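Have the chain open beside you as you read.

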Amino acid sequence: MALSVFDLFSIGIGPSSSHTVGPMRAARQFVKRLDNQGLLPAVSRVQAELFGSLGVTGHGHGSDKAVVLGLEDEDPATVDTDRADDRIARVRGSATLLLGGKHRIGFHTDADLVLHRRKVLPAHPNGMVFRAFADDGPLLAEGTYYSVGGGFVVDEDATGADRIIADATPVRFPFGSAAELLAHCTREGLAISDIMLANEQAWRSEQEVRTGLLHLWSVMQACVERGCRREGVLPGGLRVPRRAPALFRELSADADCQDPLQVMDWVSLFALAVNEENASGGRIVTAPTNGAAGIVPAVLHYYARFVPGADDDGITRFLLTAAAIGILFKENASISGAEVGCQGEVGSACSMAAGALCEVLGGTPAQAENAAEVGIEHNLGLTCDPVGGLVQIPCIERNAVASVKAINAARLALAGDGSHKVSLDKAIKTMRDTGRDMKVKYKETARGGLAVNVIEC
């Protein structure tokens with residue numbers, strides 16, 4: 001069983017990896033299955049049902065739009081985000097869609113796309129069922145899928161290991177815990193990023209890995225640049241204004257500022273820019289989810305802009321280390337807000353960024369593990385309570401705060417020798433247990449916390 005850095009970091013569309021990217025991928029997978037079985041030409045109607053958290057907050061997260069785009073064979077990594085809303089309007093207006101991008105069928109969004117607010121499938125809170133019918137009415141095919149966080153999708157055959165995407169590819173240094181990862185580092189005299197790079201070569205050459213990681217970095221940079229330019233109000237009923245452009249102008253105009261904390265304002269800006277782009281359905285990198293997509297890029301921008309000697313090698317080492325930590329969360333707990341609350345999204349991302357920054361600042365593997373533990377320990381119990389079901393309040397600011405917290409965690413770890421009382425493995429287990437104990441209303445259902453009290457006020 002193995003995961004790649006490119007599983008943890010993938011290019012997608014906002015506002016949510018589990019509610020937007022996952023449903024788009026699931027719908028596309030179902031259509032590909034129809035096509036591979038030769039059934040596509042016989043289909044006259046498809047029906048999609050979304051359950052659990054997808055049903056409750058699907059409209060605010062764009063799940064309904066994502067399903068339509070996926071049925072038309074769009075991929076989150078390549079879909080034209082600027083034309084997506086026009087595509088949806090066309091489908092609704094014509095009551096037809098181009099199934100698989102080549103077979104036109106009737107499609108009535110009110111009848112054929114159902115979001116269940118009170119029903120949950122057994123294996124995971126983010127469940128979907130797709131059905132295809134022939135012209136005279138009989139069922140041709142049916143598929144059940146689960147969006148398990150970070151854009152990962154599994155079908156009904158994988159429910160026994162619903163949080164892990166199985167890959168039997170043998171890697172050089174297999175690890176299922178931070179303790180095993182550190183043991184590899186100690187025995188081989190390697191950094192965490194070295195271990196991860198060696199494992200990645202089970203799938204790709206070293207040059208392909210480095211090129212792919214720098215491409216992810218370029219997408220992160222482009223996202224920040226767009227977020228700093230685009231003015232206006234975010235979509236949805238909350239009418240949340242974009243704050244990144246004004247903050248960017250303010251910081252850019254004050255180049256001679258003597259405030260020693262202005263660097264942290266830049267970090268907040270980087271996170272705000274990414275998450276405002278995400279909230280508007282823009283192109284982002286899941287890191288490891290969309291709801292927490294601003295933290296790794298913000299801290300990586302901090303490294304590239306403010307750390308002397310920062311270079312492309314440091315950027316690749318940062319992303320490799322972050323991915324190694326993210327794999328521990330994915331395999332031993334969850335990165336799904338619908339499953340364990342926001343501690344699984346923002347908490348995991350904060351931990352990943354903290355450990356990664358610690359390594360590229362010269363930290364030992366033990367110090368990097370310490371930084372990652374600090375990053376998650378102080379996000380334990382964090383609820384997922386999006387106001388209005390939108391990935392805006394408190395999500396956008398939460399990314400900015402967690403980005404600063406990640407830098408703080410890295411610096412705390414660098415000030416020590418790597419020894420500490422609570423291991424990263426114990427902190428991840430605690431996050432998993434806390435998520436199980438957390439009430440459902442605090443897990444991406446918009447039925448508790450700020451999601452309720454802000455509306456009531």
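Predicted model: local features only at pLDDT ≥ 70, side-chain atom pairs only at ≥ 80, totals over all residues.

Residues are numbered from 1 along each chain as its sequence is written, and side-chain values use heavy atoms, with hydrogens and water left out.

**The pocket**

The search runs on a 1 Å grid over the protein atoms alone: a pocket is an open set of points with protein on both sides within 12 Å along at least five of seven lines, a cavity is a set where a 1.4 Å probe fits but cannot get out, and lining residues have an atom within 4 Å of a point. Points are joined across faces, edges and corners, and a volume is the space filled by probe spheres set on them.

The largest pocket holds about 540 Å³ of space. Its lining has 30 residues, and K65, D85, P235, S280 and G281 are the closest to its centre. Because domain 1 (16-155) and domain 2 (178-442) both contribute lining residues, the largest pocket lies between them; these bounds come from an automatic or database domain assignment. Helices α2 (17-36), α3 (53-61), α4 (63-71), α5 (84-94) and α11 (262-279) each supply at least two residues of this lining. Helices (H or I, at least four residues) and strands (E, at least two) are DSSP runs, numbered from the N terminus.

**The cavities**

Counting those of 30 Å³ or more gives 2 cavities. Around the largest cavity there are 17 lining residues, with G291, E345, C384, V391 and C395 nearest its centre. Helix α17 (residues 395-414) gives the most to this lining, 3 residues.

The second largest cavity is lined by A178, L181, L182, I192, I325, E369 and L424. Here the largest share, 3 residues, comes from helix α7 (residues 178-188).

The table sets out volumes and lining classes, where Ala, Val, Leu, Ile, Met, Phe, Trp, Tyr, Cys and Pro count as nonpolar, Asp, Glu, Lys and Arg as charged, and the others, Gly among them, as polar.

| Space | Volume | Lining residues by class |
|---|---|---|
| Largest pocket | about 540 Å³ | 10 nonpolar, 12 polar, 8 charged |
| Largest cavity | about 150 Å³ | 8 nonpolar, 5 polar, 4 charged |
| Second largest cavity | about 30 Å³ | 6 nonpolar, no polar, 1 charged |
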